[in-house]
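Subject: Structure handover

Hello,

Here is the structure I promised to pass on. Please open it next to this email and follow along.

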Amino acid sequence: MSEHSSMHFYLNSAKERIDEMDAALASFEVKATEAKAESKVKAEQLIADLKKRRDEFQAHLKTQAEADEAAWARTKPDLEKHWIGFEAQMKTYFESAGKQIEQQQATFKDIAAAQGKAWHEAANRFREAAGKVAGARTTDLDAALKQLKSDASQAEARLQKLKQAGSESWSVLSAALAESRKSFDQASRAAWDTLRGSGAKG
């Protein structure tokens, strides 16, 4: 398998984070237009800060887009630091803004939808890459794709339960998103490792 193909896992993971950032920003932007003057200023400042963090994450990602696996391994902590800062800023906002249940729920739903979309896109990219592989490993690749889809369905079901509950704290919602994100990374890594082991050309 070419080095470029082995980067699919890293790219999927980074793209999923950017999609979550975009979903959170869109959610905050909608609510900012509805906010009263004082809270609108806070929301606009939050949006500006989150956009800056998202843009830094994207810029860092673009510099790594054509990197080899060793470079990705070195840069992953920096990307993770940007991600953690983004999440921490959202958490601080929710904790300092008082009871923002409606905003929390809207943001959670938008981020959960972005995660669901990322799962499906990753499965589609894997299916396309696996389709280029012929031979005895087809059964393994089919099993990896089936597992990826199964993991996606389980993650979506867990997030759907929380969407319907509607009254959880941001800490609970954030923990559920983090668990889904971790599952996404593990499932994506396992699928692409199976493909790498198949001798796919990339």
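Below is what I found, from the overall fold down to single pairs of side chains.

**Confidence**

Please keep in mind that this is a predicted model. The mean pLDDT of the chain is 79. Of its residues, 86% reach 70 or more.

**Overall fold**

The chain has six helices and zero strands. Read from the N terminus, the order is α-α-α-α-α-α. There are 202 residues in the chain, and 42% of them are buried. The chain exposes about 10400 Å². Carbon and sulfur atoms supply 53% of that area.

How far apart in sequence are the residues that touch? Take the contacts between residues at least 6 apart: 80% of these join residues at least 24 apart.

**Nonpolar cores**

In soluble globular proteins, nonpolar side chains tend to be buried together. Here the largest nonpolar core has 35 residues. Which of them touch the most other members? They are F28, M90 and W170. Helices α1, α2, α3, α4, α5 (138-165) and α6 each supply at least two residues of this core. The top contributor is α1, with 10 residues.

Leaving out residues up to four places away in sequence, F28 touches L46, I47, L50, M90, Y93, F94, Q103 and T107.

There is also a second, separate core. This one has 18 residues, among them A130, A144, A187 and W192.

**Aromatic pairs**

The count of aromatic pairs is six. Two deserve a look.

Start with F94 and W170. Their rings form a tilted pair, 4.5 Å centre to centre, with 40° between the planes. F94 lies in helix α3 (residues 69-96) and W170 in helix α6 (residues 170-197), so the pair ties together parts that are 76 residues apart in sequence. Are these two residues buried or exposed? F94 is buried, at a relative accessible area of 3%. W170 counts as buried too, at 6%.

Next come W119 and F184. This pair is edge-to-face, with 5.3 Å between centres and 85° between the planes. W119 sits in helix α4 (residues 101-131) and F184 in helix α6, so this pair ties together parts that are 65 residues apart in sequence. Both W119 and F184 are buried.

F28, Y93, F94 and W170 form one aromatic cluster.

**Salt bridges**

Side chains of opposite charge can pair when their charged atoms come close. The count of salt bridges here is 13.

- D22 and R54 meet in a salt bridge of 2.7 Å, N to O. The pair links distant parts of the chain: D22 is in helix α1 (residues 8-34) and R54 in helix α2 (residues 37-64), 32 residues apart. D22 is partly exposed, at 32% relative accessibility. R54 is buried, at 15%.
- E16 and R17 form a salt bridge of 2.8 Å, N to O. Both E16 and R17 are buried.
- R189 and D193 form a salt bridge whose closest N and O atoms are 3.9 Å apart. Both lie in helix α6, four residues apart, about one turn of the helix. R189 is partly exposed, at 25% relative accessibility. D193 is partly exposed as well, at 36%.
- K15, D19, K117 and E121 are linked in a network of salt bridges.

**Where to look first**

Which residue links several of these points? W170 is in the aromatic cluster with F28, Y93 and F94. The pair it makes with F94 ties α6 to α3.

Best wishes

Conventions
Residues are numbered from 1 along each chain as its sequence is written. Side-chain values use heavy atoms; hydrogens and water are left out. Rings of Phe, Tyr and Trp (its six-membered ring) pair if their centres lie within 6.5 Å; planes under 30 degrees apart count as stacked, over 60 as edge-to-face and the rest as tilted. Buried means under 20% relative accessible area, exposed over 50%, partly exposed in between (1.4 Å probe, protein chains only). A salt bridge is a side-chain nitrogen of Lys or Arg within 4 Å of a carboxyl oxygen of Asp or Glu. A nonpolar core is a set of buried Ala, Val, Leu, Ile, Met, Phe, Trp, Tyr and Cys residues joined through side-chain atoms within 4.5 Å. Contact means heavy atoms within 4.5 Å. pLDDT is the predictor's confidence in each residue, from 0 to 100. Accessible areas come from the Shrake-Rupley method with a 1.4 Å probe; for residues, only the protein chains shown count as cover.
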